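Open the model in your viewer and keep the sequence beside it. At each stop, select what is named, then read what is there.

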Amino acid sequence: MDAETETAPQYYNLQGMRIAFPTSGVYIVREGNRITKRIVR
């Protein structure tokens, strides 16, 4: 993995599928080694 991919947030829906362009909703966000749930409006 390169440094850009590791620091850029990765969005997943609640079923675990990776989302390239999140719209409004609830997502699991992975930023480096930190994973959080986030509401996108």
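The tour goes from the whole chain to the sheet, then to single residues.

**Before you start**

This is a predicted model, so local features need pLDDT of at least 70, side-chain atom pairs count only at pLDDT 80 or more, and totals for chains, interfaces and linings use all residues. Residues are numbered from 1 along each chain as its sequence is written, and side-chain values use heavy atoms, with hydrogens and water left out.

**Stop 1: the whole chain**

Color the chain by pLDDT, the predictor's confidence in each residue, from 0 to 100. The average is 90. A score of at least 70 is reached by 85% of the residues. Where is confidence lowest, and where is it highest? Helix α1 (residues 3–7) is lowest, with a mean of 64. Strand β2 is highest, at 98.

Now switch to a cartoon view. Along the sequence they follow the pattern α-β-β-β-β. Helices (H or I, at least four residues) and strands (E, at least two) are DSSP runs, numbered from the N terminus.

Next, show the surface. Its accessible area is about 3,500 Å². Carbon and sulfur atoms hold 54% of that. Accessible areas come from the Shrake-Rupley method with a 1.4 Å probe; for residues, only the protein chains shown count as cover.

How many of the 41 residues are buried, as a percentage? The share is 12%. Buried means under 20% relative accessible area, exposed over 50%, and partly exposed in between (1.4 Å probe, protein chains only).

**Stop 2: the sheet**

Select the four strands. They form an open sheet in the order β2-β1-β3-β4, with antiparallel pairing. β2 and β4 (34–40) stand at the edges with a single partner strand each, so one side of each has no neighbour in the sheet. Two strands pair if DSSP finds at least two bridges between them. Strands of a sheet pair through backbone hydrogen bonds, either parallel or antiparallel.

Pick β1 and β3 first. Three bridges join these antiparallel strands. Find Gln 10: its bridge partner in β3 is Arg 30.

**Stop 3: the hairpin**

Move to β3 (residues 25–31) and β4. Seven bridges join this antiparallel pair.

- Tyr 27 is partnered by Arg 38 in β4.
- Val 29 is partnered by Thr 36 in β4.
- Glu 31 is partnered by Arg 34 in β4.

β3 and β4 make a hairpin with two residues between them. Click on Gly 32 in the turn: its phi is positive, about 65 degrees.

How many of the seven residues in β4 are buried? The count is zero, so this strand is hardly covered.

Stay in β4 and select Arg 34. Arg 34 is exposed, because its relative accessible area is 57%.

**Stop 4: the salt bridge**

Show the side chains of Glu 31 and Arg 38. They form a salt bridge, and their closest N and O atoms are 3.1 Å apart. A salt bridge is a side-chain nitrogen of Lys or Arg within 4 Å of a carboxyl oxygen of Asp or Glu. By this rule the count is one. Side chains of opposite charge can pair when their charged atoms come close.

**Stop 5: a nonpolar patch**

Select Leu 14, Val 26 and Ile 39. They make a nonpolar surface patch of about 300 Å². Patches are made of residues with over 30% relative accessible area and no salt bridge: like charges are joined within 9 Å, nonpolar side chains (Val, Leu, Ile, Met, Phe, Trp, Tyr) within 5 Å.

Ile 39 lies in β4. Ile 39 counts as exposed, because its relative accessibility is 60%.

Leu 14 sits in the loop between β1 (10–12) and β2 (18–19). Leu 14 is exposed too, at 55% relative accessible area. What does Leu 14 touch, leaving aside its neighbours within four places in sequence? Val 26 and Ile 28 are its contacts. Contact means heavy atoms within 4.5 Å.
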